[in-house]
Amino acid sequence: MASRPTDLAEIDGFCDALWLEDGLAKATLASYRSDLGRLAQWLAEHGHEPLLDLRETTLTAFIAHLARQTKATSQARYLATLRRFFRWQLGRGRIVADPTLKLANPSRPSRLPKVMSEKQVEALLDAPDLDTPLGLRDRAMLETLYATGLRVSELVHLRLHEISLADGVLRALGKGSKERLVPLGQLAIDWITRYLHEGRPAILHGQQSDALFVTARGGPMTRQAFWQLIKRYALLAGIAPEKLSPHVLRHAFATHLLNHGADLRVVQLLLGHADISTTQIYTHVARERLKSLHATHHPRG
């Protein structure tokens, strides 16, 4: 049975408002729309009340239904979506009570990010063939990713005007269209410079493009293509491909910064996390470093 048109209209209104008010990314809005649409369809299929009349008991039944089909991480995401939707409706006087108020988050095991050692990162960075223009491009991309901790989508969407080699910074456009300046580091600057002089012109063959990292066809690099590249270089570097992704290299950036003394809030800014709680997953790294410092420098360590 299809969702009620009135419920779908409420979902559309909510997502449109978030786009106008908060400038959320398309992927985030699509996730909200999908989660709320699933609830609306379930309500219609089981003859329950409309979305804005939702009772706490009905919502509890839906969460129980989710628990039988999804992991705790997915349930937590659904709950976050529902809380935002109903609090938004409550703030506008569309409902008199928030049915999510007493719902507890599902317990889930803490999951630490996969971490590459600095030796593994060096092997990965050395994998591209520097005698080819594409190899120079790939080395520059890997160096940039490791030097900045960019999301892969931020990396492949970089434009020439968004990078200043003279100042040693780039401008990243992150989630919710939020911009941040990220330092590059001298090695990344050197490799990007070499790619721009020796690699990019040879790849483009006279074609014009404002993308920083281009393909053999002259277009911008895609997330999917870079994903495949990094898997291929993992094999060459002696790293299991299933253990490596662009996001793992982002984790390596954060972890190695902390290992070398960076503050957690600095890492938060560099990663583009809106909330420090998102960066808290790295507190285990900071904690282990503090233990090591204590053991090394304290007289009774």
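1. Ground rules. This is a predicted model, where local features need pLDDT of at least 70, side-chain atom pairs count only at pLDDT 80 or more, and totals for chains, interfaces and linings use all residues. Residues are numbered from 1 along each chain as its sequence is written, and side-chain values use heavy atoms, with hydrogens and water left out.

2. Overall make-up. The protein chain has 13 helices and three strands; these are DSSP runs numbered from the N terminus, helices being H or I with at least four residues and strands E with at least two. Of its 301 residues, 44% count as buried (under 20% relative accessible area, with exposed over 50% and partly exposed in between; 1.4 Å probe, protein chains only).

3. Contacts and surface. If you take contacts (heavy atoms within 4.5 Å) between residues at least 6 apart in sequence, 57% join residues at least 24 apart. The accessible surface is about 16,400 Å², and 55% of that belongs to carbon and sulfur atoms (Shrake-Rupley method, 1.4 Å probe; for residues, only the protein chains shown count as cover).

4. The sheet. The three strands form an open sheet in the order β1-β2-β3, with antiparallel pairing. β1 (163-164) and β3 (179-183) are at the edges with a single partner strand each, so one side of each has no neighbour in the sheet. β2 (residues 169-173) pairs with β3 over five bridges, where pairing takes at least two DSSP bridges between the strands. Within that pair, Leu170 stands opposite Val182 in β3.

5. The second largest pocket. Its volume is about 380 Å³. A pocket here is an open set of points on a 1 Å grid over the protein atoms alone, with protein on both sides within 12 Å along at least five of seven lines; lining residues have an atom within 4 Å of a point. The volume is the space filled by probe spheres set on the points, which are joined across faces, edges and corners.

6. Its lining. There are 18 lining residues, with Tyr146, Ala147, Leu184, Gly185 and Phe253 nearest the centre. α5 (118-125), α6 (133-148), α8 (186-204) and α10 (246-259) each supply at least two, and α6 gives the largest share, four residues. By class, the lining has ten nonpolar, four polar and four charged residues (Asp, Glu, Lys and Arg are charged; Ala, Val, Leu, Ile, Met, Phe, Trp, Tyr, Cys and Pro nonpolar; the others, Gly among them, polar).

7. One backbone angle. Most residues other than glycine have a negative phi. His205 is not a glycine, yet has a positive phi of about 50°. His205 is in the loop between α8 and α9 (223-236), and is exposed at a relative accessible area of 68%.

How values were computed: 1 Å grid on protein atoms, 1.4 Å probe; cavity = no way out; pocket = protein on both sides within 12 Å on 5 of 7 lines; lining within 4 Å.
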